[in-house]
Amino acid sequence: MGYSGASGGHEAILAAEKLVERRRYGGPSAWLDIDQITGRLRLAVDRIMGEGGLWAPELAARALRQSEGDVQEAAQLIRAHRSTLPRVAYSEPVHADELSVSRRISPAFRNPPGSQLLGRTLDYVGRLLDLMPEDQAKARLQEPDQEPDQDPAAVNGHGHGDGHGDGNGHGDGNGHGNGHGNGNGHGHDGEDPRRPPRLLGLLRSMGMLVDRSTDGDPDPYDITRSPVRPGVPRSARLTAMARAETGALVHLWYSNTFQPGRHNHEFPGEVRHGTLPVRVSHPLTGNPVTVAEVRVTEVETIDDLDRAEEDRTRLDLGYGMCFGHNERKAIAMAGLDLLVHRDGGRTGLEQEVLLTLDGIEASGFLEHLKLPHYVDFRSVLDRKRAVRAAMEEAVVR
């Protein structure tokens, strides 16, 4: 693309950069510390790490501070930084059953295998702006230093929006639960509530799920090393959605779920949030070694099969997992996983999932429109003038 030089352009760019730095590093307010951002803006930090494709809370907090709260710009900073890092090892596969959950609910089953762990959620909190002074807010907490995700009062008891409870808590059937659990940290039959059995196993034992297993166990498709085009394995689609911009992902799922003539019956079978270990092979012994833990959100969505070519006696399952606590993204991801599979290539849905959900690519294209396009626009004007002159000449003839 050609650009014509403008006098003073370089000086103007440097001056604009100074204005950015002046607002970023100056101003009357106190400097935001990293622990403030990671502790108080944790959902924004989680979203940045997910869309940036790098688990690094402190770096994500720095990126959020540098971008002045622009989550998309922060994710771009993280992904750019990630591209400069050497790949020193590949992590070992970790089964999702190793997830140590701090929140696990099943909207589909009143009494799923294991316990319902309400955990930390805004699902039952009224959307009222909190104008309480800071000192009063702290005084309301009986145990202000306790990690909210580990509060025993949120284990084993809640009512659900359609009257669901878990057998220990109580729902009244009208969307209200009193939140009382047994508080003893034990699930059904003495099971560890942090490692509840999967609803998937129950559905399989009932013979209700279609079998989508394939031969072998191929390595996940690395979308950072190979291009993604329609026809790639399912792992490529899941990876692309895990890095997708949350709003774009939710919009695509929503618009396809409620298209005219399409009647999906999705139910999030399980919504889980917790920590997974990261393991690598020891360079000397070759044994797997846990080097870190990451928080993830995992969703398994159930859908009713009702098309003529489908097995109407069974259900199908969609899957979603992403960094951090981001249930909207994981639920939409699982729904789109199902939609793409059921679409079977009849429409361009798979292409949309693979090529249009990356917020960094989309915003990059949008941002470049603000850069000089003098030559391009002049060529458009020249073509219009040529067409107009040809039409006028034809009229004269």
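User: Which residues of helix α4 are buried, and what makes a residue count as buried?

Analyst: In helix α4 (residues 57-66), the buried residues are Ala 60, Ala 61, Ala 63, Leu 64 and Arg 65, where buried means a relative accessible area under 20%, exposed means over 50%, and partly exposed lies in between, with a 1.4 Å probe and protein chains only. This is a predicted model, in which local features need pLDDT of at least 70 and side-chain atom pairs count only at pLDDT 80 or more, whereas totals for chains, interfaces and linings use all residues. Residues are numbered from 1 along each chain as its sequence is written, and side-chain values use heavy atoms, with hydrogens and water left out.

User: What covers the buried residues of α4?

Analyst: The cover includes α2 (34-40), α3 (42-52) and α5 (71-82), judged by contact, which means heavy atoms within 4.5 Å. After α4 comes Glu 68, with a positive phi near 60°.

User: Why is α3 called roughly perpendicular to α4?

Analyst: Their axes cross at roughly 100° and come within 9 Å, the axes being lines fitted to C-alpha atoms, for helices over the stretch in contact, with angles from 0 to 180 degrees between N-to-C directions. Angles of 65 to 115 degrees count as roughly perpendicular, under 35 as roughly parallel, over 145 as roughly antiparallel and the rest as oblique, and α3 is therefore roughly perpendicular to α4.

User: What makes the residues of the contact of α3 with α4 nonpolar?

Analyst: Ala 44, Val 45, Ile 48 and Met 49 in α3 meet Pro 57, Ala 60, Ala 61 and Leu 64 in α4. Ala, Val, Leu, Ile, Met, Phe, Trp, Tyr, Cys and Pro count as nonpolar, Asp, Glu, Lys and Arg as charged, and the others, Gly among them, as polar, which gives 8 nonpolar, no polar and no charged residues.

User: What makes Met 333 buried?

Analyst: Met 333, in helix α10, has a relative accessible area of 2%, and it is therefore buried. Not counting residues up to four places away in sequence, Met 333 touches Leu 238, Met 241, Ala 242, Leu 249, Tyr 319, Gly 320 and Met 321.

User: Which residues have the most contacts inside the largest nonpolar core, and what is such a core?

Analyst: A nonpolar core is a set of buried Ala, Val, Leu, Ile, Met, Phe, Trp, Tyr and Cys residues joined through side-chain atoms within 4.5 Å. The largest has 15 residues, and those with the most contacts inside it are Met 241, Leu 249, Leu 336, Leu 349, Val 353 and Leu 357. Two or more residues each come from α8 (234-242), α9, α10 and α11 (349-355), and α10 gives the largest share, 5 residues. Another core, of 14 residues, lies apart from it, and includes Ile 34, Met 49, Val 71 and Ile 78.

Key
Helices (H or I, at least four residues) and strands (E, at least two) are DSSP runs, numbered from the N terminus.
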